[in-house]
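Subject: Handover of a structure

Dear colleague,

Please find below the structure that I am handing over to you. My notes on what was found in it follow directly after.

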Amino acid sequence: MASSRDNAARIQHRGLVIGVDIGGTKVGAGVVTPGGRILARDRAETPDRSKSPKVVEDTIVEVVDRLRRAFPVRAVGVGAAGFVDEQRATVLFAPHLSWRDEPLREALRSRLQLPVVVENDANAAAWAEARVGAGRDAADTVVVNLGTGIGGAVVIGGELYRGRHGMAGEFGHMTVVPGGLRCECGNRGCWEQYASGNAVTREARELAAADSPVARGLLGAVAGTPSLITGSLVSELARAGDMACVELLEEAGGWLGLGLANLAAAFDPDLFVIGGGVSQSGELLLEPARRAFRRTLTGRGHRPEPRIVSAELGNEAGLIGAADLARDALPRWRQGRRQRRIGSAVRRRR
């Protein structure tokens, strides 16, 4: 007779899905439970080759096949950095890969013989934070990821908001300084030019290159070579008490708070969740952000304020979220398969 532990394991395994996170030089994957726990991980490098769609597709199949040899998975969710269409099937544009109108879902589904969902990686990470991370007790959550740029996503009433064309959440390209710094997108004054990891790195390097007396800690940490300064180094030195680095994070936090106030005017969420590499600075970044947010929030003093907190799931959020979105899509996939079978049977009778 099976034990209760065996029965629990079987029930859990019925909901196992593989989540895939595509990076610029690697493909990571994991077997994820309905509760967001990762049972097993795998990854494969694609250095200097990941610009080829076929190479990335082959690598995804490789890591998924290795994982499903040990686990009875039911579907695959893929998080891709780029614009994904509203059907969650085609990568319309991926800035770091040579994907233009790439039919990734169909390509993977035909090779894996499993249901596949493709989602923007920021949407996937936001969904994970809203479902099992920092936003699990909130109805309306805006997730902002501070990395090289600024991305994010919105979960409203427990549903991921993708926009009409699947491209919602490009918060980093809101204009916060008309005529300001030039952005890689071609515009000027985009939010990510002031509050992202790149922005912190740029400001720190400029401060060090000016040979400012307050930058001695920074210069000492990189043996006098400003080009070696990174955002993570600024965070590390700030946590150690370097005042120049503390001020750099305070400045970035001020810009972060201003942008969040704009988003609050648009979405009025319960909660802002701040993720990405820069968020590892914790309260050194978030407390200045909260102060700036309160100063610029529309209706301040006469409305409830959303909370601003750090993300909880770290680098695993995208993988967990992609898996969960694929699991949620399973009923629709089964219904579609039944309809296709009925249609085929009707046509055969004719």
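Leaving out residues up to four places away in sequence, Ser281 touches Ser235, Arg239 and Leu249, where contact means heavy atoms within 4.5 Å. Ser281 is found in the loop between strand S12 (271-275) and helix H10. Helices (H or I, at least four residues) and strands (E, at least two) are DSSP runs, numbered from the N terminus. With a relative accessible area of 4%, Ser281 is buried; the term buried means under 20% relative accessible area, exposed means over 50%, and partly exposed lies in between (1.4 Å probe, protein chains only). Ser281 and Ala238 are 43 residues apart along the chain, and their C-alpha atoms are separated by 8.0 Å.

Please note that this is a predicted model, in which local features need pLDDT of at least 70 and side-chain atom pairs count only at pLDDT 80 or more, while totals for chains, interfaces and linings use all residues. Residues are numbered from 1 along each chain as its sequence is written, and side-chain values use heavy atoms, with hydrogens and water left out.

The chain as a whole

The secondary structure of the chain comes to 11 helices and 13 strands. Of the 350 residues in the chain, buried residues make up 50%. Among contacts between residues at least 6 apart in sequence, 61% join residues at least 24 apart.

Helix H9 and its partners

Helix H9 (residues 243-267) packs with helix H10 (residues 283-296) at an angle of about 45°, their axes being 6 Å apart. Axes are lines fitted to C-alpha atoms, for helices over the stretch in contact, and angles run from 0 to 180 degrees between N-to-C directions. H9 and H10 are therefore oblique to each other: angles under 35 degrees count as roughly parallel, over 145 as roughly antiparallel, 65 to 115 as roughly perpendicular and the rest as oblique. The crossing of H9 past H10 is right-handed; a crossing is right-handed if the near helix is turned clockwise from the far one by less than a right angle, and left-handed if anticlockwise. The residues of this contact of H9 with H10 divide into 15 nonpolar, four polar and two charged. In this count Ala, Val, Leu, Ile, Met, Phe, Trp, Tyr, Cys and Pro are nonpolar, Asp, Glu, Lys and Arg are charged, and the others, Gly among them, are polar.

The axes of helix H6 (residues 197-209) and H9 come within 10 Å and cross at roughly 140°. That makes H6 oblique to H9, and H6 passes H9 in a right-handed crossing. Val200, Glu203, Ala204 and Leu207 in H6 meet Ala244, Leu248, Leu249, Glu251 and Ala252 in H9. By class, these residues are seven nonpolar, no polar and two charged.

For helix H8 (residues 231-239) and H9, the axes come within 7 Å and cross at roughly 120°. H8 passes H9 in a left-handed crossing. On the H8 side, Val234, Ser235, Leu237 and Ala238 meet Cys245, Val246, Leu248 and Leu249 in H9. This contact has seven nonpolar residues, one polar and no charged. The buried residues of H8 pack against H6, helix H7 (216-221), H9 and H10. Just after H8, Gly241 takes a positive phi of about 105°.

The nonpolar cores

A nonpolar core is a set of buried Ala, Val, Leu, Ile, Met, Phe, Trp, Tyr and Cys residues joined through side-chain atoms within 4.5 Å. The largest such core has 41 residues, of which Val144, Trp191, Val234, Leu256, Leu260, Phe272 and Ile274 touch the most other members. H9 supplies the largest share of this core, 10 residues. Apart from it lies another core, of 31 residues, among them Ile18, Val27, Ala29 and Leu97.

Two further residues

Val309 lies in strand S13 (residues 307-310). Val309 and Ile274 are 35 residues apart in sequence, yet 6.1 Å apart in space, C-alpha to C-alpha. Gln193 is found in helix H5 (residues 192-195) and is buried, with a relative accessible area of 14%. Neighbours within four places in sequence aside, Gln193 is in contact with Leu181, Arg182, Cys183, Glu184, Ala199 and Arg202.

With kind regards
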